[in-house]
Amino acid sequence: MLDKLRSKIIVNPAAGSGTTIRRWPHIKRQLDGLGIPYDFIFTEKPGHAIQLAKEAAEQNYLNVVAVGGDGTINEVVNGLLTSAPTIHLDESLTPIDLGVINTGTGSDFVRSLGIPRNPDRACHHLLSRQRLKVDVGLIEWNDNGEEKRRFFVNAAGVGFDAEAAEAKKRISKILHGPISY
C-alpha cells in the first residue's frame, strides 16, 4: 500500500479501552523497521480524527493510516470524504488509500475485510499492493433544525444499537473509564 510515499498516521490513544497508547511505541518500531516513511499525530478528543484526516488530504498525503478501532476508522473516513480534494468524488482525482492498524476492541471493520487484527501483521499488510474498494454509506438527518450527515463504511445502527451506544457512554462516565461496546 505505502510504496515509498510518506503516509499520515492518525493514532487514537484512547482506542482499545486505552491500550493503544501503550501499544504505540511497539507499532512505531515495527513501522520504522519496515522502512515505511510516515508522519504521525495523536487524536486529542472524540471527533478529532475527522479534522486530522481532512488536513492530511489537504496536505496531499496519498496514504492515511488509522491506528485504533472502528470508531477511529469511522472518523478518518469522514474526514477523508469531506475534505476539499475528495468531496466531489471526481474520478479524475487521485484517490487516497486508507490503511488500518487495528488496536480496537470490536474490530468489525478489519474482520469483515480480512485485514489482520494483530498490529504487527497489520503493519506488514500496509506494504501489500492489494487494494480493496469498499462501499460507503451516507446518513443524513435533522438535529433541531440543523442538517447533519455522516458517512459509514461498516455498519450503521439505529434503535437498539443507538440505545446500547448511549448506555455505554453513561456507564463509562459512572465508572470513570472506558468500557467495551
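**Close-up 1. Lys28 and Asp32 in helix α1 of the predicted model.** The side chains of Lys28 and Asp32 meet in a salt bridge, with 3.3 Å from N to O. Because Lys28 and Asp32 are four residues apart in helix α1, about one helical turn separates them. An α-helix has 3.6 residues a turn, so residues three or four places apart point the same way. Lys28 is partly exposed at 27% relative accessibility, and Asp32 is partly exposed at 40%.

**Close-up 2. The salt bridge between Arg6 and Asp39.** The count of salt bridges in the model comes to five. In the pair of Arg6 and Asp39, the closest N and O atoms are 2.9 Å apart. This pair links distant parts of the chain, with Arg6 in the segment before β1 and Asp39 in strand β2, 33 residues apart. Arg6 has a relative accessible area of 43% and is partly exposed; Asp39, at 24%, is also partly exposed.

**Close-up 3. The salt bridge between Arg131 and Asp97.** The closest N and O atoms of Arg131 and Asp97 lie 2.9 Å apart. The pair links distant parts of the chain: Arg131 sits in the loop between α5 (119-125) and β5 (137-143), while Asp97 belongs to strand β4, 34 residues away. Arg131 is partly exposed, its relative accessible area being 39%.

**Close-up 4. The aromatic cluster of Trp24, Tyr38, Phe40 and Phe42.** Four aromatic pairs are counted in the model. The ring centres of Trp24 and Phe42 are 6.2 Å apart and the planes stand at 80°, so this pair is edge-to-face. Trp24 lies in helix α1 (residues 20-33) and Phe42 in strand β2 (residues 38-42), so the pair ties together parts that are 18 residues apart in sequence. Trp24 is buried at 5% relative accessibility, whereas Phe42 is partly exposed at 29%. The rings of Phe40 and Phe42 have their centres 5.6 Å apart and their planes at 80°, so that pair is edge-to-face. Phe40 is partly exposed, with 32% relative accessibility.

**Close-up 5. Helix α2 and its cover.** In helix α2 (residues 48-58) the buried residues are His48, Ala49, Ile50, Leu52, Ala53, Ala56 and Ala57. The elements covering these buried residues include β1 (7-11), β2, β3 (63-68), α3 and β6 (146-152). Asn60 follows α2 and has a positive phi, near 65°.

**Close-up 6. Glu75 in helix α3.** Glu75 is placed in helix α3 (residues 70-81) and is buried, with a relative accessible area of 15%. Apart from neighbours within four places in sequence, Glu75 is in contact with Pro46, Gly47, His48, Ala49, Ile50 and Arg150. Glu75 and Arg150 are 75 residues apart in sequence, and their C-alpha atoms are 9.3 Å apart in space.

**Close-up 7. Ser83 in the loop between α3 and β4.** Ser83 is buried, with a relative accessible area of 0%. The side chain of Ser83 reaches the backbone oxygen of Leu80 at 2.9 Å. Beyond neighbours within four places in sequence, the contacts of Ser83 are Lys54, Ala57 and Glu58.

**Close-up 8. The nonpolar surface patch of Ile171, Ile174 and Leu175.** Together these residues have about 310 Å² of accessible area. Leu175 is in helix α6 (residues 160-175) and is exposed at 56% relative accessibility.

Note on methods: Residues are numbered from 1 along each chain as its sequence is written. This is a predicted model: local features need pLDDT of at least 70, side-chain atom pairs count only at pLDDT 80 or more; totals for chains, interfaces and linings use all residues. Side-chain values use heavy atoms; hydrogens and water are left out. Rings of Phe, Tyr and Trp (its six-membered ring) pair if their centres lie within 6.5 Å; planes under 30 degrees apart count as stacked, over 60 as edge-to-face and the rest as tilted. Helices (H or I, at least four residues) and strands (E, at least two) are DSSP runs, numbered from the N terminus. Buried means under 20% relative accessible area, exposed over 50%, partly exposed in between (1.4 Å probe, protein chains only). Contact means heavy atoms within 4.5 Å. Patches are made of residues with over 30% relative accessible area and no salt bridge: like charges are joined within 9 Å, nonpolar side chains (Val, Leu, Ile, Met, Phe, Trp, Tyr) within 5 Å. Accessible areas come from the Shrake-Rupley method with a 1.4 Å probe; for residues, only the protein chains shown count as cover. A salt bridge is a side-chain nitrogen of Lys or Arg within 4 Å of a carboxyl oxygen of Asp or Glu. A polar contact is a pair of N or O atoms within 3.5 Å; within protein, one must be able to donate a hydrogen and the other to accept it, and residues adjacent in sequence count only if both atoms are side-chain atoms.
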